[in-house]
Amino acid sequence: MPFEIRTFPTGQLQANCFLLIDKATNNAALVDPGDRSEKIQNMISIQDINVTHILITHAHFDHMFGCGFFKSLYPSAKLLVHQNDVPIWAGNVKFAQMFGIKAPKDYINQPEGTFKDGEVIQIGQSQVEVVLTPGHTPGSVCFIDKEGKIAVTGDTLFGQGIGRTDFPGGSAEQMRDSIVKLKKILGTDYVIYPGHGGSEKSGRAIKGAEMMI
Ligand SMILES: [Zn+2]
């Protein structure tokens, strides 16, 4: 079954936080909670959603500073990131300081577990596939719902353009390979949900990305 997807720009950098809701069971994955958000908390509570996973596209602070807030609300939700981004996670307090942003009091200093490239994560009766797309960070991933033809692309692929590759662990060469990989998987008719900005058809987004790699 395809997911229902909800988007919430969150935190000072307005990174997109998503809820991927399996309508059959009302189980859901919370993706990239960049900050605490009563708005998201309220929606989850009003709609009686059961958060089973907290999934992180990449470990930059603007995509995970809300993990402590949401883990305390949904302690059984599994908090997962790609192994390659565990060192990035560890450097987040300092990285945020460069942007003049303080870590929250309930900051979680490491993830609970990791996922692998190609791993399929079951959420209720729906599934997302993890696709490793390094370049912005070494462990950047996209979460792909093949049935619903939606892809949560983090800071790898934006509606217009690609993520920066000049942060620690970034690589322009890996980014190039990741865009080629995504083009093969997504083709033209997926809808991509990036880490910043609005959604876009995969064909248009990849065309824009190809001009930058
Ligand atoms: Zn980032």
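User: Which residues does T137 touch, not counting residues up to four places away in sequence?

Analyst: A contact means heavy atoms within 4.5 Å. By that rule, T137 touches H58, H60, D85, I88 and G169, with residues up to four places away in sequence not counted. Please note that this is a predicted model, in which local features need pLDDT of at least 70 and side-chain atom pairs count only at pLDDT 80 or more, while totals for chains, interfaces and linings use all residues. Residues are numbered from 1 along each chain as its sequence is written, and side-chain values use heavy atoms, with hydrogens and water left out.

User: Where does T137 lie, and is T137 buried or exposed?

Analyst: Helices (H or I, at least four residues) and strands (E, at least two) are DSSP runs, numbered from the N terminus. T137 lies in the loop between β8 and β9, the latter covering 141-145. As for burial, a residue is buried under 20% relative accessible area, exposed over 50% and partly exposed in between (1.4 Å probe, protein chains only). T137 has a relative accessible area of 0%, so T137 is buried.

User: How should I read a polar contact, and which side chain does S126 join in this way?

Analyst: A polar contact is a pair of N or O atoms within 3.5 Å; within protein, one must be able to donate a hydrogen and the other to accept it, and residues adjacent in sequence count only if both atoms are side-chain atoms. The side chains of S126 and D22 are joined by such a contact of 2.6 Å. S126 is found in strand β8, residues 126-132, and is buried because its relative accessible area is 1%. Beyond four places in sequence, S126 touches M1, P2, F3, D22 and I121.

User: With which side chains does T57 make polar contacts?

Analyst: One partner is D32, whose side chain is joined to that of T57 by a polar contact of 2.6 Å. Another is H58, where the side-chain contact is 3.0 Å. T57 is placed in the loop between β4 (50-55) and α2 (67-73), and its 1% relative accessibility means that T57 counts as buried. Among the residues that T57 touches beyond four places in sequence are V31, D32, H63 and G139.

User: What can the phi angle tell me about D32?

Analyst: Most residues other than glycine have a negative phi. D32 has a phi near 60 degrees, a positive value in a residue other than glycine. D32 is in the loop between β3 (27-31) and α1 (38-46), and with 0% relative accessible area D32 is buried. K149 also has a positive phi, near 55 degrees. K149 lies in the loop between β9 and β10 (150-154), and counts as partly exposed because its relative accessibility is 34%.

User: Why is the chain's radius of gyration said to agree with a compact globule?

Analyst: The radius is taken over C-alpha atoms, and the globule rule is 2.2 Å times the number of residues to the power 0.38. For 213 residues a compact globule would have a radius near 17 Å; the chain has 16 Å, and therefore agrees. The C-alpha trace spans about 40 × 40 × 25 Å along its principal axes.

User: How many helices and strands are there, and what share of the residues is buried?

Analyst: The chain has six helices and 14 strands, and buried residues make up 53% of its 213 residues. Of the contacts with a separation of 6 or more, 63% are between residues 24 or more positions apart.
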